[in-house]
Amino acid sequence: MAFEKEHLDLVLVPSGLLIMFAYHLFLLYRYLTVPHTTVIGFENNDKRAWVERIMQADTRDVGIALNVISSNTSAATFLASVSLTLSSIIGTWIGSSPNNVFQSELIYGDTRPSTIAIKYICLLTCFILAFSCFVQSARCFVHANYLISTPNSDIPVKNVEMVVIRAGEFWSLGLRAIYFAIDLLLWFLGPIPMFVCSVVMVSLLYYLDCNSNPLHRHRPLGSRPVKRVGEQLTPPAMLIQGRVA
């Protein structure tokens, strides 16, 4: 039996998806075992220090933290809206388009209607998954907003850290779903562009996700002398600060 162009989809598409899934399983293993070697773990270290400072800061400084949380919430909401809009467009395209655009002879691969329907379904699934992750990220940021702005709160810092970090994790999952959607989008142009995109994307993500910088050891607040606005440090306090530094 001669090798036909339709057989390329059976070889290159699973190979490309396998490369993507294998890399993300590798990234998940590093994030759970040695998080400081990943950019996500490196950012989480700074987020913990940020939450600790904010929870121990004065009430007048809480507004800065709420602005940061609000910016992250707006970004997550925007990407959720984009994912939902693209999902709606793809759903409308499936229902109304005769799919002649992607059945051209210029596309070297399987262009049968059943295969094109599978492509649409996979792409739609990725965008719906991205929408769900971004919505959960926005929900966690809103929860963190409530925890930080609670007056006279005795909420443990660990609880706020967990909510902020979980929001960042949902954000990362949403971005990964979009990366998969980009990979599947090139499948419409044929299995060869899809496989090349998988290899190139994994190479770029490995460069972007790996961290070689050591974690910054944030000082606890108790080791720093407190200085109010308009107040100068006394010479003994300056001496102590110099020795600590």
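Helices (H or I, at least four residues) and strands (E, at least two) are DSSP runs, numbered from the N terminus. By that rule, the protein has seven helices and zero strands. Helix 1 (7-33), helix 4 (113-149) and helix 5 (157-185) each supply at least two residues to the lining of the largest pocket. The model is predicted: local features need pLDDT of at least 70, side-chain atom pairs count only at pLDDT 80 or more, and totals for chains, interfaces and linings use all residues. Residues are numbered from 1 along each chain as its sequence is written, and side-chain values use heavy atoms, with hydrogens and water left out.

**Overall fold**

- From the N terminus on, the order of elements is α-α-α-α-α-α-α.
- The protein has 245 residues, and 35% of them count as buried. Buried means under 20% relative accessible area, exposed over 50%, and partly exposed in between (1.4 Å probe, protein chains only).
- Take the contacts (heavy atoms within 4.5 Å) with a separation of 6 or more: residues 24 or more positions apart account for 78% of them.
- The protein exposes about 15000 Å², and carbon and sulfur atoms supply 66% of that area. Accessible areas come from the Shrake-Rupley method with a 1.4 Å probe; for residues, only the protein chains shown count as cover.

**Largest pocket**

- The largest pocket holds about 670 Å³ of space. Its lining has 23 residues, and the closest to the pocket centre are His24, Ser172, Leu173, Arg176 and Phe180.
- The search runs on a 1 Å grid over the protein atoms alone. A pocket is an open set of points with protein on both sides within 12 Å along at least five of seven lines, whereas a cavity is a set where a 1.4 Å probe fits but cannot get out. Lining residues have an atom within 4 Å of a point.
- Grid points are joined across faces, edges and corners, and the volume is the space filled by probe spheres set on the points.
- Helix 5 gives the most to this lining, with nine residues.
- By class, the lining residues divide into 17 nonpolar, three polar and three charged. Ala, Val, Leu, Ile, Met, Phe, Trp, Tyr, Cys and Pro count as nonpolar, Asp, Glu, Lys and Arg as charged, and the others, Gly among them, as polar.

- Ala76 sits in helix 3. Ala76 counts as buried because its relative accessible area is 0%.
- Leaving out residues up to four places away in sequence, Ala76 touches Phe134, Ser137, Ala138 and Trp171.
- Ala76 and Ala167 are 91 residues apart along the chain, and their C-alpha atoms are separated by 9.4 Å.
- Ser87 also belongs to helix 3 (residues 62-96). Ser87 is buried, since its relative accessibility is 9%.
- The Ser87 side chain reaches the backbone oxygen of Ser83 at 2.8 Å.
- Beyond neighbours within four places in sequence, Ser87 is in contact with Leu124, Phe127 and Ile128.

- Tyr108 lies in the loop between helix 3 and helix 4. With 47% relative accessibility, Tyr108 counts as partly exposed.
- Ser153 is placed in the loop between helix 4 and helix 5. A relative accessible area of 31% makes Ser153 partly exposed.
- Ser153 and Met55 stand 98 residues apart along the chain, with a C-alpha separation of 9.0 Å.

Conventions
Polar contact = N/O pair within 3.5 Å; in protein donor to acceptor, adjacent residues only side chain to side chain.
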